[in-house]
Structures are given as C-alpha cells and as structure tokens.
Amino acid sequence: MKLALCLVAMGALVMDSSPQVCWLYVRETGVRERGLLGSGRHPSHSTSPSGPGDEVARGIAGEKFDIVKKWGINTYKCTKQLLSERFGRGSRTVDLELELQIELLRETKRKYESVLQLGRALTAHLYSLLQTQHALGDAFADLSQKSPELQEEFGYNAETQKLLCKNGETLLGAVNFFVSSINTLVTKTMEDTLMTVKQYEAARLEYDAYRTDLEELSLGPRDAGTRGRLESAQATFQTHRDKYEKLRGDVAIKLKFLEENKIKVMHKQLLLFHNAVSAYFAGNQKQLEQTLQQFNIKLRPPGAEKPSWLEEQ
C-alpha cells in the first residue's frame, strides 16, 4: 500500500502502510493526535500548553490587526469627506488668513524656482564665455610671438582677454554663490515649510471627517448603544481637533519665520548680485574683488578641477 497524503482544513493527515497509523497535525493549536485505522479505539488526545512565545506572537498579530483596522477606518472617513467636499455636499473648515498665506508661499516658490533656473542658465553661459575668452587670449598670445609685424596688436588683445577672464571668473564666483543661496532657500527652507503645510492639510481633512461623523451621530436616535458610540466619537474627534490646532499653529509660526529669513537672505543676495554685475560691466576689477571679500566668497586656486575658478557654495 503506497504512502498517501491528505490535506484537511486545519491540519495534514499522513497515512503509513504497515501499521495503518494516522497522524493528524493540527497547525493552529500545535496538537498532534495519533490513532489506529480500522480499530474501534478512539485516538488519544494530548495537548501541549502554549508557551510565552506563542502569547507574544498572538499579541503582536493583534496589535498589527488593530493598526490596519484603524488605518482602514480613517482612510474611509477621509476619502468620504474629501469626495463630499469635491462634490459640494460637505463642509470644510477654512482659516482664510492662513490659506491666503499658504497660497502666497506656493506662488512665491514658483517664482523663485524660475529665478533659480535663469540663474543656472546665466552661470552656464558665463562659463562658456570664459572658456572662449581664455582660448582666444591664448591664440592671440601665440600669434604675437609668431607675427613680429603684429606683435604689439596681438599682445594687447591677449592681455585684454586675460583681464576679461579674470574679471569673469570673479563674476562667475559671485553668481554661483547667488544661485546656491537661492537653491537652498527654495529646496530646503520653503520645502520644509510646505511639508508642514501638507501635514496640516491632512490633519484638517481628518478633523472635518470626524467632525461630520460626530454630527451625524448626534442627530440620530439616542439609546444605550448609540450613547457609547457617541462618547467614543467625541473622544476621537477631540484627538483630531487637538492635532489640527497644533499643526495650524506650527504652520503659522513657520510661515512667519520663513518670511523673515527670506527677506534677510534675499537682501544680501540681491545686493551681491547687483554689485558684482555692475562692477564687471564697468570694468572695475577692484570693486569686483571687494564684493567677493564682503560676502566671504573664495575662488578655487588654479589647477583645481573644472570649473577651476569657482568656489561652490
């Protein structure tokens, strides 16, 4: 008689040929039962008590189940509230002053991103111009040595290109510092505030969802079961209300600090940009160098990797 394997709902039944013995392994309880097939005797039952590890595992599984359950209920309520607001059937809590400041921040961020993009384009164009001027100066200097009849003309043109390169390197360092500061303001400072805004908006949606749920329960019939659900809904609503008010306060504070920091940073950077550009096109090398010293901008020494004259800030 061949060995046969039979799967059952809560365990596995294995049949052996010679003694016709059956083992039943119950996976859920950890109990193993043994009996003789073909005999009138009932299988004996032996149970092993669950150990501490089983209790811990069941506790962890229960906690995970509760977390998933709460997440599902919260997601359902928030989705229902969001759709109600979209289709005009639900009410939402609005802080007009705060909403106006948030919208202004998003608009400001878009404009600063445009300035950042243009600044990076200017940096790339200046770098290409400096490369061309440097090559042109080398070409003039070489021709000055090989053309005696035009040595003087080629010579002062070579010196002019070298001077333009030097001033251009200084301007490029200032513009690069300006672009780096704008990038930090946009991608870190503003983005950090907008992350808090997203948390605030999510908390506002949860608050309105549980507020609506509480209002619906309050309008329903009052009995023993409803009273218990109403108390639970009131406690949950209060929790989400506290969270919403805390995040609203956090957003207001961050918006205030962001505005102060933006004014301080941009005052410095716009002054730097104006002074550097004005000195460059006026051919004032001394003022260019003073501008870099004023804002503590250092250029890389010759021989550094390209761009060799930039100090990345």
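Visitor: What is the relative accessible area of Lys146, and is this residue buried or exposed?

Guide: Lys146 is exposed, with a relative accessible area of 61%; exposed means over 50%, buried under 20%, and partly exposed in between, with a 1.4 Å probe and protein chains only. The model is predicted, with local features requiring pLDDT of at least 70 and side-chain atom pairs pLDDT 80 or more, while totals for chains, interfaces and linings use all residues. Residues are numbered from 1 along each chain as its sequence is written, and side-chain values use heavy atoms, leaving out hydrogens and water.

Lys146 forms a salt bridge with Asp142, at 3.5 Å from N to O. The term denotes a side-chain nitrogen of Lys or Arg within 4 Å of a carboxyl oxygen of Asp or Glu, and the count by this rule is 15. Both partners belong to helix α2 (residues 96-146), where four residues, about one turn, separate them. Helices are DSSP runs of H or I with at least four residues, numbered from the N terminus. An α-helix has 3.6 residues a turn, so residues three or four places apart point the same way. Asp142 is partly exposed, at 36% relative accessibility.

A further salt bridge links Arg110 to Glu103, at 3.9 Å from N to O. Arg110 is partly exposed at 42%, and Glu103 is likewise partly exposed at 44%.

Lys109, by contrast, is buried at 12% relative accessible area, although it too lies in α2. Its side chain makes a polar contact of 2.6 Å with that of Glu113; such a contact is a pair of N or O atoms within 3.5 Å, and within protein one must be able to donate a hydrogen and the other to accept it, with residues adjacent in sequence counted only if both atoms are side-chain atoms. Beyond its neighbours within four places in sequence, Lys109 is in contact (heavy atoms within 4.5 Å) with Val186, Met190, Glu191 and Leu194.

At Glu191, helix α3 bends by about 35°, the angle between axes fitted to the seven residues ending there and the seven starting there. The end C-alpha atoms of α3 are 98 Å apart, in agreement with the 102 Å that its 69 residues should span, taking 1.5 Å times one less than the number of residues.

In α3 (residues 151-219), Arg211 and Asp208 stand three residues apart, about one helical turn. Their side chains form a salt bridge of 3.2 Å from N to O, and both residues are buried.

Note on methods. Helices (H or I, at least four residues) and strands (E, at least two) are DSSP runs, numbered from the N terminus.
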